[in-house]
Amino acid sequence: MVNDIEYPEQEENLKLLYHNPLASAEDTAGFRQEGEAAVSFPLGRMRLESKLSPEQGQRSNFVYWCPETFPADVLVEWEFWPIREPGLAILFFAARGREGQDVLDGALAKRTGEYELYHHGDIDAFHVSYFRRMWPSERSFHTCNLRKSYGFHLVAQGADPIPGIADAAGPYRLSLRKQGGNVRFCVNRLPIFDWTDDGLSYGPLLGGGAIGFRQMAPLIAEYANLKVYALR
């Protein structure tokens with residue numbers, strides 16, 4: 001169970017930079033929404049869902065950005081509850097404009113949730129899709145995917161241990177460690193993938209940047225206790 005997990009706060013090489021309980025509207029007052037999403041807190045945690053029908057395709061999907069910019073070497077943790085399938089959940093991280101701008105810089109092209117704007121737009125980022133239940137092939141064989149952009153490079157993949165909605169019993173504690181070129185992802189401390197970027201095959205190494213939650217409609221999911229640690 002989650003309560004038996006040894007949390008990274010106990011590691012000596014970590015310094016807490018940011019903690020957001022995501023428990024109320026006040027906690028997300030500075031967040032930026034791209035696309036049409038409803039944000040609510042019915043159980044004291046952030047619930048995200050699209051306002052649009054999935055029949056509208058990519059237009060019905062959205063991204064919800066944390067307004068902070070984080071350094072290159074970080075550990076990101078958050079709690080996740082899947083509420084309604086189908087759909088897909090992604091975390092963007094190390095996101096910046098292609099010329100080094102803040103991802104929320106008004107000079108960048110407007111983004112409205114369509115995925116192409118994020119992998120072939122004017123930003124660079126990693127994106128880990130950790131709850132992939134949109135299409136029958138994803139629901140029949142669960143994986144977590146790591147992609148690097150600019151581009152749509154699938155660079156790492158691992159088995160997804162989170163069950164379907166009928167059997168899900170959150171919270172699931174997700175952790176993502178980025179240090180140098182290395183990216184490691186865990187669910188409830190279970191390693192899912194461990195990949196090292198050579199800085200050549202898929203473009204230069206990514207440094208610091210922003211974090212954003214993305215969902216594909218009609219997924220409903222909840223989030224809590226977003227924490228970001230600097231790796232010392």
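Reader: Before we get to E15, what counts as a strand here?
Author: Strands are DSSP runs of E, at least two residues, numbered from the N terminus. This is a predicted model. Asparagine 225 has its place in one such run, strand E15, residues 220-231.

Reader: What is the phi of asparagine 225?
Author: Asparagine 225 has a positive phi of about 50 degrees, although it is not a glycine. Most residues other than glycine have a negative phi.

Reader: And is asparagine 225 buried, exposed or partly exposed?
Author: Partly exposed, because its relative accessible area is 23% and buried means under 20%.

Reader: What about alanine 94, what is its phi?
Author: The phi of alanine 94 is near 55 degrees, again a positive value in a residue other than glycine. Alanine 94 sits in strand E7. Alanine 94 counts as buried, because its relative accessibility is 9%.

Reader: OK, the sheet. What order do the seven strands have?
Author: The order is E2-E5-E14-E7-E8-E9-E10, in an open sheet with antiparallel pairing. The edge strands are E2 (32-34) and E10 (153-159), and each of them pairs on one side only.

Reader: How are neighbouring strands turned against each other?
Author: By 20 degrees on average, direction ignored.

Reader: Start at the E2 end. How many bridges between E2 and E5?
Author: Three, in the antiparallel sense. Glutamate 34 stands opposite valine 63 in E5.

Reader: And on to E14?
Author: E5 and strand E14 (residues 210-216) pair over four bridges, antiparallel. Tyrosine 64 stands opposite phenylalanine 213 in E14.

Reader: Which way do the E5 side chains point?
Author: Phe62 and Tyr64 point one way from strand E5 (residues 62-65), Val63 and Trp65 the other way. Side chains alternate between the two faces of the sheet in a regular strand.

Reader: Are those four buried or exposed?
Author: Phe62, Val63, Tyr64 and Trp65 are all buried.

Reader: Now the other end. How many bridges join E9 to E10?
Author: Six bridges join strand E9 (residues 143-149) to E10, and the two run antiparallel. Threonine 143 has alanine 159 in E10 as its bridge partner.

Reader: What joins serine 149 and tyrosine 150?
Author: A cis peptide bond, with omega about 25 degrees. Tyrosine 150 is in the loop between E9 and E10. Most peptide bonds are trans.

Reader: What is omega between glutamate 85 and proline 86?
Author: About -5 degrees, in a cis peptide bond.

Reader: Where is proline 86?
Author: Proline 86 is in the loop between strand E6 (74-84) and strand E7 (88-97).

Key
Residues numbered from 1 in each chain as written. Predicted model: local features only at pLDDT ≥ 70, side-chain atom pairs only at ≥ 80, totals over all residues. Heavy atoms only, no water. Pairing = 2+ DSSP bridges. Axes fitted to C-alpha atoms, helices over the stretch in contact; angles between N-to-C directions. Buried < 20%, exposed > 50% of the residue type's maximum accessible area, 1.4 Å probe, protein only.
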